[in-house]
Amino acid sequence: HFCYTNTHKPRWHEIWTRMQIRVNSSRMIRVTQVDSEEELGESKVWSFLSSFLKEKLNDTSIDVDLYSNKTCLKVELLEDGTMYYVVLFRRFDPKLFLVFFLGLLLFFCGDMLSRSQLFFYSAGISFGLLASLLILIYMVSKVLPKRNHVYFLLVGGWSFSLYLLQLVFKNLQEICKTYWQYLLGYLLLMGFVSFGICYRYGPLENERSINLLSWALQLLGLLLMYSGIQIHPIALALVVIAFCTKNLDYPLHWAFAAYRRVQGAWLGPSPPRLLTEEEFRVQGEVETRRALEELRSYCRSPDFSAWTAVSRIQAPKRFADFVAGACHVTHDEVSVHEREYGLGGIFLEDQLFEEDEEEE
């Protein structure tokens with residue numbers, strides 16, 4: 001039985017520092033962590049039953065929280081003459097930094113990743129590789145009859161699947177060295193199956209589904225950022241800063257709108273800017289051209305009654321040419337308009353004479 005009392009207060013520069021208790025032995029042993037010193041001597045039925053599922057190792061590590069006051073563990077010797085030693089480590093852990101960086105990436109790039117097909121297929125294949133045993137149990141549950149004892153077996157199957165996954169991750173290096181052929185075959189087979197399932201259903205197209213995936217990725221990113229930092233106040237502060245930084249445009253937009261309203265109420269409405277002659281002429285030409293195109297599009301549409309319009313107009317051929325793309329005025333009409341309203345025209349001279357008479 002061992003207990004470690006933590007007297008060191010965590011500091012700000014230890015945000016990615018991990019503290020572990022490592023137990024090495026010459027033969028197989030079983031290490032159990034308990035919450036308090038009183039539980040070291042207790043024998044519980046559940047702990048006795050769960051001990052059969054715990055793997056026996058000769059090298060194990062127990063993570064210690066930097067804020068914990070006391071951490072206790074129990075070492076069970078399975079063979080006589082077993083030599084072991086217990087060591088406490090406090091060091092920089094690059095895995096914590098990678099977890100924090102991954103959370104930062106998911107939070108700020110969640111919108112882009114939720115719409116990316118590459119991310120969809122990569123995440124689907126990865127999930128299929130990691131959860132293939134769970135998917136197999138789910139498929140078996142759909143085939144088996146719905147009875148009480150079947151549900152009991154399914155619950156046990158899910159627990160056993162999770163236990164197998166835990167064993168695989170702990171012995172991954174040994175599996176890669178000894179059974180690399182089987183591991184490669186498993187990865188290829190489940191990778192193709194997962195890709196086929198993702199290809200069958202395709203990437204998300206519904207906007208609400210994309211928004212849900214984006215929010216889930218951002219929430220997962222915040223959780224990873226918080227779990228990747230050991231100092232809880234600093235982790236919470238960084239999460240709040242990241243959230244405010246990503247959504248800073250909304251408060252600024254609201255503040256600017258409120259400022260404009262206060263300014264308008266204080267100073268009164270500002271007078272509208274008048275158009276210059278050149279701006280008026282350009283705007284008239286643009287709007288006229290746009291309206292004529294809309295009229296042509298409507299005349300070509302099935303909703304337009306062509307025979308009714310042709311029976312009421314005086315020049316059907318000119319109307320047909322206009323719908324086909326010809327100009328809406330003739331050269332004679334342009335000449336008459338320039339003669340009456342252009343420089344030196346009759347309308348301009350009448351306006352000048354009227355102004356002179358008013359001045360006199």
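Cys3 and Cys72 form a disulfide, with 2.2 Å between their sulfur atoms; the term covers a pair of cysteine sulfur atoms within 2.5 Å. The structure holds one disulfide. Cys3 sits in strand 1, residues 2-5, and Cys72 in strand 4, residues 70-77, so the bond ties together parts that are 69 residues apart in sequence. The torsion about the S-S bond of Cys3 and Cys72 is about 105°, so this disulfide is right-handed.

Before I go on, a word on the model. It is predicted, with local features needing pLDDT of at least 70 and side-chain atom pairs counting only at pLDDT 80 or more, while totals for chains, interfaces and linings use all residues. Residues are numbered from 1 along each chain as its sequence is written, and side-chain values use heavy atoms, with hydrogens and water left out.

Buried here means under 20% relative accessible area, exposed means over 50%, and partly exposed is in between, with a 1.4 Å probe and protein chains only. Two other cysteines are Cys198, buried at 10%, and Cys299, buried at 12%.

Now the whole protein. It has 16 helices and five strands. Those are DSSP runs numbered from the N terminus: helices are H or I with at least four residues, strands are E with at least two. Of the 360 residues, 23% count as buried. Contact means heavy atoms within 4.5 Å. Of the contacts with a separation of 6 or more, 82% are between residues 24 or more positions apart.

Next, a pair of helices. Two packed helices are described by the angle between their axes and the distance between the axes. Helix 2, residues 94-108, and helix 9, residues 207-227, pack at about 155°, with axes 7 Å apart. That makes helix 2 roughly antiparallel to helix 9. The axes are lines fitted to C-alpha atoms, for helices over the stretch in contact, and the angles run from 0 to 180 degrees between N-to-C directions. Under 35 degrees counts as roughly parallel, over 145 as roughly antiparallel, 65 to 115 as roughly perpendicular, and the rest as oblique.

Which residues make the contact? On helix 2 they include Leu96, Val99, Phe100 and Phe107, and on helix 9 they include Leu217, Gln218, Gly221 and Met225. By class, the contact of helix 2 with helix 9 has 12 nonpolar, four polar and no charged residues. Nonpolar covers Ala, Val, Leu, Ile, Met, Phe, Trp, Tyr, Cys and Pro; charged covers Asp, Glu, Lys and Arg; the others, Gly among them, are polar.

Leaving aside residues up to four places away in sequence, Phe107 touches Gln218, Gly221, Leu222, Met225, Ala242, Phe243 and Lys246. Phe107 and Trp215 are 108 residues apart in sequence, and their C-alpha atoms are 8.8 Å apart in space.

Last, Ser132, which lies in helix 5, residues 132-143. Ser132 is buried, at 10% relative accessibility. Which residues does Ser132 touch, not counting those up to four places away in sequence? They are Tyr186 and Met190. From Ser132 to Ser194 the separation is 62 residues in sequence and 9.1 Å in space, C-alpha to C-alpha.
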